[in-house]
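Dear colleague,

I am handing over a structure that will be new to you. Please look through it first, and then read the notes that follow.

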Amino acid sequence: MGKLDGKIAIVTGAAQGIGNGSAKVLAKHGATVILVDFAESVADAAEEIRKMGLKADSRRVDVSKLEDVQKVVDDIVAQYGKVDILHNNAGVNRRVKFEDMDVKTLNFIFGVNIYGVWNMAKAVYPYMMKAGYGRIINTSSVTGTKVVDEGQTTYSMTKGAVSALTRALAYEAGPHGITVNAVLPGWVRTPKVEQVAADSRPEDPESALRDMASFIPLKRLCNIEEIGDLVAFLASDDAKYITGTEVIIDGGSTLPETFDILHA
Ligand SMILES: NC(=O)c1ccc[n+]([C@@H]2O[C@H](COP(=O)([O-])OP(=O)(O)OC[C@H]3O[C@@H](n4cnc5c(N)ncnc54)[C@H](O)[C@@H]3O)[C@@H](O)[C@H]2O)c1
């Protein structure tokens, strides 16, 4: 008996990375998971989960386009009857210093990370209200909300917005039996992060990942299933009294104050 048996879950950005890990874990706990992504490979990702003997389906959509998102969510509800869980996870990043950032890139990042998250929540919300039940879990980040790096002004703004939406929507949604929470990952080993390592040290990306890990108290990057475990918890009955909360999952990476320079 899985803790998410009978639940219908939508996970965005599920073709790869964190969304893919989350989809697998939710399915392992018994949910029927609809993997949503604009990448064609999302169909293969769903097939991989079905091959594990679990329940999965897929839809292709660009989450930044409200009309398309609405159609996809309506279609999912027409087929499955409801949406219990939304892991609102699709996100993009471009590391560009503030003086070099242009409006086109700004709008692109806002489109996915802010409008995309809003669009998905907006589309599932009436169904959850009607059912008197829902679990919305947004992927925010420690970046922007707790810490920053160079080239992250726009991304930071978007994650601040996701965290703000989480609290404000949780307040409104509570009386309808809907909880809204955010997960704030630190460094997770995903294709996106592997690309960051490859860009910064093309001759030896693995050494860049090792160096990143050396600054994390738990001495490794997070894996995608570990984010899935947290999402499954927040989606389950075990978390039924938790709402409006941001859960940091960073292996302690945001703890250091001086990196022990005084003791070095
Ligand atoms: N990897 C990390 O270390 C890390 C840390 C903190 C937060 N995050 C956040 O986690 C989420 C996932 O990150 P990831 O590292 O797995 O990224 P990723 O790039 O590996 O995967 C993102 C997925 O989202 C999909 N996607 C992008 N734009 C889309 C759109 N407009 N419509 C539909 N799908 C779209 C991509 O096709 C891809 O499958 C993002 O919101 C990111 O900001 C990641």
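Of the contacts in the chain with a separation of 6 or more, what percentage comes from residues 24 or more positions apart? The share is 70%, where contact means heavy atoms within 4.5 Å. Please bear in mind that this is a predicted model, in which local features need pLDDT of at least 70 and side-chain atom pairs count only at pLDDT 80 or more, while totals for chains, interfaces and linings use all residues. Residues are numbered from 1 along each chain as its sequence is written, and side-chain values use heavy atoms, with hydrogens and water left out.

The overall picture

The chain contains eight helices and seven strands; these are DSSP runs numbered from the N terminus, with helices being H or I of at least four residues and strands being E of at least two. For 264 residues, a compact globule would have a radius of gyration near 18 Å, and the chain agrees with this at 18 Å (the radius is taken over C-alpha atoms, and the globule rule is 2.2 Å times the number of residues to the power 0.38). Of the 264 residues, 48% count as buried, a term that means under 20% relative accessible area, whereas exposed means over 50% and partly exposed lies in between, with a 1.4 Å probe and protein chains only.

In helix H2, which spans residues 42–51, the buried residues are Val42, Ala45, Ala46 and Ile49. They lie on the same side of H2, because they cover an arc of only 95° around the axis, the arc being that of the directions from the helix axis to the C-beta atoms. Asp44 and Lys51, on the other side of H2, are exposed. The cover over the buried residues of H2 includes helix H1 (17–28), strand S2 (32–37) and strand S3 (56–60). Leu35, in strand S2, is buried at 0% relative accessibility, and the residues that Leu35 touches include Val42, Ala45, Ala46 and Ile49. After H2 comes Gly53, whose phi is positive, near 85°.

Salt bridges

The whole structure holds 13 salt bridges, among them one between Lys82 and Asp84, at 3.1 Å from N to O. In that pair Lys82 is partly exposed, at 31% relative accessible area, whereas Asp84 counts as buried at 6%. Lys97 and Glu99 also meet through their side chains in a salt bridge, at 3.9 Å from N to O, with Lys97 partly exposed at 36% and Glu99 exposed at 60%. Salt bridges with shared partners also join Asp57, Arg59 and Asp75 into one network.

A loop residue

Most residues other than glycine have a negative phi. Lys219 sits in the loop between helix H7 (205–214) and helix H8 (224–235), and it counts as exposed at 54% relative accessibility.

Terms used. Salt bridge = Lys/Arg side-chain N within 4 Å of Asp/Glu carboxyl O. Lists of a residue's contacts leave out its neighbours within four places in sequence.
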